[in-house]
Amino acid sequence: MNDSLEGPKYALGYLAQQQASELLNKPLSPSKDSIGVGVDIELIQDININNPTFIERNFTTAEQTYCWSRPNAHASFAGKWCAKEAVIKAVSSLHPDWEKVWVRGSAAPLVDVEISMGVSGAPKAVLNGEVAEAAEKAGVSEIKVSISHIDAFAIATAIAK
Ligand SMILES: CC(C)(COP(=O)(O)OP(=O)(O)OC[C@H]1O[C@@H](n2cnc3c(N)ncnc32)[C@H](O)[C@@H]1OP(=O)(O)O)[C@@H](O)C(=O)NCCC(=O)NCCS
């Protein structure tokens with residue numbers, strides 16, 4: 001081959017190799033654009049904030065401090081509870097037809113889904129432990145949550161992508 005073509009040939013070969021490797025590393029499903037959604041609603045009175053075991057199992061110290069500081073602590077605990085359940089559902093719904101990622105079921109403690117306050121004033125979810133592992137397995141890179149409470153009810157929605 002003409003010596004002057006050696007450089008471009010090498011460059012094209014390198015590019016082809018890069019593209020092939022990108023294609024091979026791409027997931028088989030269009031996971032990049034998938035979105036998971038979760039919602040939960042609770043009667044505020046069903047969240048037993050007078051049970052220290054329940055509180056310790058499910059709420060971090062920072063969450064407890066925050067909720068007790070709110071005008072309606074019971075509603076704030078219930079809202080965070082809803083957000084935690086909504087996050088579990090959103091993670092599971094990212095790929096509804098993939099294998100189950102959240103295998104602990106309804107007896108598992110939810111302290112590993114921490115709902116804290118962002119600087120903007122909106123809540124955000126920080127995942128730890130087994131929930132973080134499940135989210136990673138599902139390919140979750142980002143979660144958004146929204147909480148509301150009125151009268152007897154609290155509700156939250158979560159979106160995972
Ligand atoms: C998955 C989970 C969040 C569902 O919560 P729930 O309170 O039982 O369910 P809700 O009444 O809010 O909603 C029921 C609907 O959720 C949906 N759902 C059930 N499991 C789901 C999952 N893994 N992902 C997404 N949606 C789910 C179903 O459609 C169900 O309705 P259906 O039974 O009529 O089909 C719950 O089972 C769970 O695992 N929670 C985490 C651990 C926990 O709660 N620990 C308690 C510590 S005391």
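Visitor: What should I know before we start?

Guide: The model is predicted, so local features need pLDDT of at least 70 and side-chain atom pairs count only at pLDDT 80 or more, while totals for chains, interfaces and linings use all residues. Residues are numbered from 1 along each chain as its sequence is written, and side-chain values use heavy atoms, with hydrogens and water left out.

Visitor: How many helices and strands does the protein chain have, and what makes a run count as one?

Guide: The protein chain has five helices and five strands. Along the sequence they follow the pattern α-β-α-α-α-β-β-α-β-β.

Visitor: Why is Asp-40 called buried?

Guide: Buried means under 20% relative accessible area, exposed means over 50%, and partly exposed lies in between (1.4 Å probe, protein chains only). Asp-40 has 8% relative accessibility, so Asp-40 counts as buried. Across the protein chain, buried residues make up 35% of the 161 residues.

Visitor: What makes Asp-40 and Lys-89 a salt bridge?

Guide: The term asks for a side-chain nitrogen of Lys or Arg within 4 Å of a carboxyl oxygen of Asp or Glu. The side chains of Lys-89 and Asp-40 meet at 3.8 Å, N to O, and that makes the pair a salt bridge. This pair links distant parts of the chain, with Lys-89 in helix 4 and Asp-40 in strand 1 (residues 36-43), 49 residues apart.

Visitor: Which other pair brings Arg-104 into a salt bridge?

Guide: Glu-130 and Arg-104 meet through their side chains at 2.8 Å, N to O. Glu-130 sits in helix 5 and Arg-104 in the loop between helix 4 and strand 2, 26 residues apart. With 37% relative accessibility, Glu-130 counts as partly exposed, and with 39%, so does Arg-104.

Visitor: How do you know that Glu-142 and Lys-161 form a salt bridge?

Guide: Their closest N and O atoms are 3.7 Å apart, which meets the cut-off. Glu-142 is in the loop between helix 5 and strand 4, and Lys-161 is in the segment after strand 5, 19 residues apart. Salt bridges that share partners also join Glu-142, Lys-144 and Lys-161 into one network. In total, the structure holds six salt bridges.

Visitor: What makes a group of residues a nonpolar core, and how many residues does the largest one have?

Guide: A nonpolar core is a set of buried Ala, Val, Leu, Ile, Met, Phe, Trp, Tyr and Cys residues joined through side-chain atoms within 4.5 Å. The largest has 37 residues, and those with the most contacts inside it include Ile-47, Phe-77 and Val-140. Among the elements that give two or more residues to this core are helix 2 (52-58), helix 4 (73-93) and strand 4 (143-150). Helix 4 supplies the largest share, eleven residues.

Visitor: Which residues does Ile-47 touch?

Guide: Leaving out residues up to four places away in sequence, Ile-47 touches Glu-42, Phe-54, His-74, Phe-77, Ala-78 and Trp-81. Here a contact means heavy atoms within 4.5 Å.

Visitor: Why do you say that the buried residues of helix 5 line one face?

Guide: The buried residues are Val-131, Ala-134, Ala-135 and Ala-138. Seen down the axis of helix 5, they fall within an arc of 100°, so they line one face of the helix. That arc is taken from the directions from the helix axis to the C-beta atoms. These residues pack against helix 4, strand 2 and strand 3, whereas Glu-133 and Glu-136 are exposed on the other side.

Visitor: What makes strand 2 and strand 3 a pair?

Guide: Two strands pair if DSSP finds at least two bridges between them. Five bridges join strand 2 to strand 3 (residues 123-127), and the two run antiparallel. Glu-114 stands opposite Val-126 in strand 3. The hairpin of these strands has five residues between them, and there Gly-121 takes a positive phi near 100°.

Key
Helix = DSSP H or I, 4+ residues; strand = E, 2+ residues; numbered from the N terminus.
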